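Take a look at the model below.

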Amino acid sequence: MNDLAIRARGLSRAFGDLVAVNKVDLEVPGGQIYGFLGPNGSGKTTLIRTLCGLLTPTTGEIDVLGLKIPAEAEALRRKIGYMTQKFSLYDDLSVEENMQFMARIHGLGKQAGRRRIEELLDRYALTPMRQRIAAAMSGGQRQRLALAVATLHSPALLFLDEPTSAVDPENRREFWEKLFDLSDAGTTVLVSTHYMDEAERCHQLAILETGHLRKRGTPAALMAELDTRVVEISGNDLRHVKERALQLPQVQSAAQQGLQLRILLRSACADPAQELGAQLGDNTLTIKTARPSLEDVFVASTHGGINA
Amino acid sequence: MSSLARIGAITLKELKQLSRDRVTFGMVVMIPLIQLLLFGYAVNTEVRDIPIAIVDLSGSAVARNITEQVRVTQVVKIVARYNTPQEAEEAIVAGKVRAVLLFPDNLPQRAASGDPVGQWMVDGSDTMVSSAILTLRNMPLQLVAGAPEGAYQATEPSFEVALFFNPERRSEVNIVPGLTAIILTMTMILFTSIALVRERERGNIELLITTPISPLELMAGKLIPYVFVGIVQVTIILSLGRLVFGVPFVGSLLSLALISMPFIAASLTLGLLISTVARTQMQAMQLTIFILLPSILLSGFAFPYEAMPIPAQYVAEMLPATHYVRLIRGVILRGAEASQLLPDIIWLLGFTVVVLGIATKRFNKTLD
């Protein structure tokens, strides 16, 4: 699939005075894992709900899998899978009962439904707990069940709203393996997260803040844009150094990370380490240029520091 | 002191939450208000304007004279005239009239000899209504024009009375079938009113509405299981009524089923409608009570429909329970066939269709 799975133009959604999504332009290529990275309240959930037709956009045009949203939302429902932020299957039904229920809702035939359920129970390691009531499962197990149900009808496009927020790191890694399997099989996956490590796994990213889309691109390209803008300082009394650094006009942000102080500069320069050292004028400090991380990208593109 | 502060903190928090829950806040005012008005209106044991029919076999002036005197008591309201006692009885069974005043063909001779001048055939299934008619039994009559009131003073009562369906005038015979309507109103509305709200509270709805399911499919699926629950409840109430309270079952099971299904369906759809309005299970329960109270007071279960003022009767007509109280008393106590009770059955079916339509329309598959 080379076509765009999702195309949105000037998409806004307001709740009364609050503009949760503000003039967002978006292009999601088919077959990729596309990430929405943003803090809580940045509009990730509203954007996902609008794209899958659950919320009517205030303004803007949306085209998902070739369908106009919200006008053709009903037709879209057959082609998408949606995993809500909060577990939304039935707590008082077992794994198997939940899957059978959703298979019938999606209109899978009896035979096809049974085959598909067995296949998914196996793929998501749910076979040993097929009789277990959902309420008695761990966060990771529930999340695997939710993903299995979201993919029951083999949708072309999956919306996952913070799927790993209630899951430990080990399960998160396995979960991402499953997402790559789906992507390899041609499914477009749209996933929202506030974890940097997860965002870095995505093929492409959109960084959201207070309803605005601040930046988009591949994680590598986004990080490369920050080359020569990140320096690390180690030495004594870093709290004091941080305060002084923040006084300097070219310093956008400073954050202590363990024994180091990570500084993000407002613009690129030839030798940032040397320049900063001269300005701080402290010989006891070790200053070196660092490889930008996704967190730097996030900080650079949010916190009022848009520098495109 | 710190204990007082904590109590104060909880109190303040409760008040804040209460004032933000608009439905609950409204109910704080509406429930006593409506309840008071309804009680004030409906609690009226002095029954007036009972619908009756006249069967005059004598065709005499005396009959017309007596009819007029009965009419001016205002206890009854003459709504029909029949030619034969059989037609009149059918009208009682079908619930069109509560009583029939029958004048025999030898009325003039009876009037002259001081015998009772007519016979009341009374539907005894509502004891308050039959009591009111019984007060007419000894009413003084003025049989000759111009004679002073009360000139006709027979040793016998003025009328003979035949009490149908509940000759011993036992109140449980009247209460138990009516109670079926009230219990079903409560449980049926509550079941479905909570059904959708619970899914919304638990977050299930957000997933369901991203599937191809249509609102009508969802509504129908929510409704059907509770139809069976309703049938089980009707069976329990009526079996116990018979075994424990000795309530007779004159009618047919088929008729019982034919009147009960529309009522169950109507109550369930009303619950679904509440479900599309309420945001929490608590609100759904309060709205159910809001329907239940008038159903108890105005449906004819507790007080005769005829005893209520016209505005209260209009309200009563909108409640499914009113129609079912009529239907089930007809079938169980008077042995009416479903075909004789069509207006109420059709009303319940119409109610079901309209309310289901509104509920389906109100439930749109978005989170807007």
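The paragraphs below take the sheets, the helix pairs, the domains and the chain contact in turn.

This is a predicted model, in which local features need pLDDT of at least 70, side-chain atom pairs count only at pLDDT 80 or more, and totals for chains, interfaces and linings use all residues. Residues are numbered from 1 along each chain as its sequence is written, while chains are lettered from A and ligands numbered from 1 in the order in which they are written.

Helices (H or I, at least four residues) and strands (E, at least two) are DSSP runs, numbered from the N terminus. Strands of a sheet pair through backbone hydrogen bonds, either parallel or antiparallel. Here two strands pair if DSSP finds at least two bridges between them.

One open sheet in chain A has 4 strands in the order E2-E1-E4-E5, with antiparallel pairing. Its edge strands are E2 (18-29) and E5 (67-69) of chain A, each of which pairs on one side only. Neighbouring strands of this sheet are turned by 20° against each other on average, direction ignored. Strand E1(A), residues 4-15, pairs with E2(A) in the antiparallel sense over 8 bridges.

Angles run from 0 to 180 degrees between N-to-C directions; axes are lines fitted to C-alpha atoms, for helices over the stretch in contact.

Now zoom in on E11(A). Strand E11(A), residues 230-234, is joined to E13(A), residues 260-265, by 5 bridges, and the two run antiparallel. A:Val230 has A:Leu264 as its bridge partner in E13(A). E11(A) also pairs with E14(A), residues 286-289, in the antiparallel sense over 4 bridges. There A:Val231 stands opposite A:Thr289, and A:Glu232 has A:Lys288 as its bridge partner.

Turn to chain B and its helices. Two packed helices are described by the angle between their axes and the distance between the axes. H10(B), residues 253-277, and H13(B), residues 320-334, pack at about 165° with their axes 10 Å apart. H10(B) and H13(B) are therefore roughly antiparallel to each other, a term for angles over 145 degrees, with under 35 counting as roughly parallel, 65 to 115 as roughly perpendicular and the rest as oblique. The crossing of H10(B) and H13(B) is left-handed: the near helix is turned anticlockwise from the far one by less than a right angle, whereas clockwise would be right-handed. The residues in contact include B:Phe263 of H10(B) and B:Tyr324 of H13(B). Two residues are in contact if their C-beta atoms, placed from the backbone, lie within 7 Å. By class, this contact has 10 nonpolar, 2 polar and no charged residues. Ala, Val, Leu, Ile, Met, Phe, Trp, Tyr, Cys and Pro count as nonpolar, Asp, Glu, Lys and Arg as charged, and the others, Gly among them, as polar.

How do H9(B) and H14(B) pack, and at what angle? H9(B), residues 215-245, and H14(B), residues 342-362, pack at about 125°, with their axes 9 Å apart. That makes H9(B) oblique to H14(B). Their crossing is right-handed. B:Pro215, B:Leu216 and B:Met219 in H9(B) meet B:Leu356, B:Ala359 and B:Thr360 in H14(B). This contact has 5 nonpolar, 1 polar and no charged residues.

Next, the domains. Chain B is divided into domain 1 (50-164) and domain 2 (170-362), with bounds from an automatic or database domain assignment. Taken over C-alpha atoms, the centres of these domains of chain B are 37 Å apart. In chain B, 11 residues of domain 1 are in contact with 13 residues of domain 2. On the domain 1 side, H4 (85-93) and H6 (127-134) of chain B are the elements that give two or more residues. H6(B) gives the most, with 3 residues.

Last comes the meeting of the chains. 18 residues of chain A are in contact with 13 residues of chain B. The chain A side divides into 8 nonpolar, 5 polar and 5 charged residues.
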